[in-house]
Amino acid sequence: MKQPTIFERSVAGRRGVTLPRLSPAEARGPLPVPPALCADAPPDLPEVSELDVVRHYTLLSQRNCCVDTHFYPLGSCTMKYNPRVCEKVAALDGFAGIHPLLPQLRGGGALTQGALEVLWRTERLLCDLTGMEAFTLQPMAGAHGELTGLLLIAAYHRAQGRPRRRVLIPDSAHGTNPASAAIAGFEVVPVATGPDGTIDLADFEARLTPDTAAVMLTCPNTLGLFERQIREVAERAHANGTLLYYDGANMNALMGRVRPGDLGFDVLHLNAHKTLSTPHGGGGPGAGPVGVKAALLPFLPVSTVEKRDDGTFALNYDRPQSIGYIAPFYGNFGVLLRAYTYLLALGGDGLREATDHAVLNANYLRVRLRACFDVPYDRLCLHEVVLSAERQARAGVRAVDIAKALIDAGFHPPTVYFPLIVREALMIEPTETESKQTLDSFIAALEAIARRAEEEPGSFAEQPASTPVSRPDETKAARDMRLKA
Ligand SMILES: *Cc1c(COP(=O)(O)O)cnc(C)c1O
């Protein structure tokens with residue numbers, strides 16, 4: 001059913017709220033607005049009643065496809081269920097109502113001591129989880145964490161008196177890795193992926209020059225596979241004075257099992273909004289905490305949260321070697337608070353179990369689905385599995401058709417056409433929060449789609465049929481956006 005826009009609902013003269021008439025003196029107001037600042041005509045706003053507005057936005061909100069309504073196996077994004085207790089804590093008045101400019105110190109009001117303590121404790125927990133020395137919680141997304149980490153690496157090499165220019169990044173990496181490295185001023189050098197889906201060590205060695213500042217590794221990588229040669233990479237890199245960066249957006253596959261700090265990584269970011277709860281999507285909000293080993297500590301962004309000898313907490317801006325500000329105040333506090341709640345609610349054993357279930361669920365899908373889809377790297381995967389629709393594509397049914405057909409079957413599609421090194425990729429991340437029943441119904445839907453791709457390959461063109469818009473020209477929709485009908 002087509003829903004009118006809020007402008008199409010407009011009826012001349014209709015109002016949401018009617019205020020009492022002002023007297024001429026009240027209408028003039030205490031300070032007259034200079035005529036130069038007055039518009040010639042009233043703004044072109046929809047004229048609607050309160051009920052029109054409530055119905056319009058309530059209906060729109062029900063059109064959302066979200067984790068609360070649908071299985072959402074969007075690979076790489078970790079769209080898992082977020083425990084409501086995290087929302088409850090984030091909404092507590094004492095947290096939701098504070099302002100970053102309130103006094104920090106006891107005597108001055110102590111109004112933010114609790115918030116500073118949460119940040120400080122969150123940093124300690126993340127250090128425990130990852131094996132790093134210290135954290136900054138300021139970055140507001142995974143990519144922002146990468147940029148921060150790379151600026152730290154640049155500052156480190158500068159402080160050694162040997163600025164370096166190159167950053168090595170496997171060709172399987174998330175697109176944000178090369179983008180962040182380029183924005184940080186580095187030259188990006190791609191490293192090939194070997195036949196087993198992990199970094200090609202010989203290619204890596206060939207590209208490791210004295211000018212290499214860092215190598216960025218994602219583990220598990222975007223194929224969902226554990227990088228088995230991290231120690232070799234770390235040894236070669238460190239012997240060359242090159243730092244090792246860990247893209248920890250997929251840490252939900254390692255939590256409680258492996259600590260990147262123990263593997264030799266010098267800098268990392270986590271995606272709090274993937275691994276540690278927080279509903280996300282549509283561009284935010286997020287948090288990309290960055291952890292470092294001791295050698296990079298002096299360069300952390302200002303401010304840092306510190307615990308003083310008298311037990312109070314304070315923000316420290318006095319850090320002469322700092323890379324400076326990378327976020328206003330102290331990052332996305334609400335997201336960090338959810339992460340803290342999640343860490344405490346699950347505890348060490350709970351985090352390890354979450355990891356194990358994420359891995360078990362992905363492998364269950366891999367094994368059950370390999371009869372009807374190609375699995376280009378068919379070995380034990382971690383939290384996600386990458387299938388290929390090449391077999392179906394030969395009959396004219398491409399990954400995008402399978403994604404659209406899944407919508408009609410009641411599932412959010414997986415990520416398609418990523419990673420780029422897999423043709424017709426279907427990247428499925430079930431997450432740890434789904435039951436076997438849900439996974440089984442998803443498998444049944446994909447099996448039915450695969451059967452139909454063989455028997456009636458022409459039957460996909462009109463899908464999805466259950467959505468208000470079926471197949472928009474996606475490029476045109478992005479380049480030539482028309483929000484009014
Ligand atoms: C999601 C993701 C990122 C980027 O995180 P954002 O919060 O979207 O900026 C980086 N690397 C990997 C592997 C990811 O999955």
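Leu-168 is buried in this predicted model, since its relative accessible area is 0% and buried means under 20%. This leucine belongs to strand E2, which covers residues 166-170. Leaving aside residues up to four places away in sequence, Leu-168 touches Val-189, Val-191, Phe-204, Arg-207, Leu-208, Thr-212, Ala-214, Val-215 and Met-216. Ile-153 lies 15 residues from Leu-168 in sequence, and the C-alpha atoms of the two are 13 Å apart in space.

**Aromatic pairs**

Across the whole structure, a search finds seven aromatic pairs. One of them joins Tyr-246 and Phe-265, whose ring centres are 4.9 Å apart. Their planes meet at 50°, so this pair is tilted; planes under 30 degrees apart would count as stacked and those over 60 as edge-to-face. Tyr-246 counts as buried because its relative accessibility is 1%, and Phe-265 counts as buried because its value is 0%.

Phe-411 and Phe-442 form another aromatic pair, and this one is edge-to-face. The ring centres are 5.4 Å apart, with 75° between the planes. Here too the pair links distant parts of the chain, 31 residues apart. Phe-411 sits in the loop between helix H14 (399-408) and strand E11 (415-416), and Phe-442 sits in helix H15 (residues 436-455). Phe-411 has a relative accessibility of 10% and therefore counts as buried. Phe-442 is buried as well, with a relative accessible area of 0%. Ring pairs also bring in Phe-71, so that Phe-71, Phe-411 and Phe-442 are linked into a cluster.

The two pairs described above are set out here.

| Pair | Centre to centre | Angle between planes | Arrangement |
|---|---|---|---|
| Tyr-246 and Phe-265 | 4.9 Å | 50° | tilted |
| Phe-411 and Phe-442 | 5.4 Å | 75° | edge-to-face |

Notes:
Residues are numbered from 1 along each chain as its sequence is written. This is a predicted model: local features need pLDDT of at least 70, side-chain atom pairs count only at pLDDT 80 or more; totals for chains, interfaces and linings use all residues. Side-chain values use heavy atoms; hydrogens and water are left out. Helices (H or I, at least four residues) and strands (E, at least two) are DSSP runs, numbered from the N terminus. Buried means under 20% relative accessible area, exposed over 50%, partly exposed in between (1.4 Å probe, protein chains only). Contact means heavy atoms within 4.5 Å. Rings of Phe, Tyr and Trp (its six-membered ring) pair if their centres lie within 6.5 Å; planes under 30 degrees apart count as stacked, over 60 as edge-to-face and the rest as tilted.
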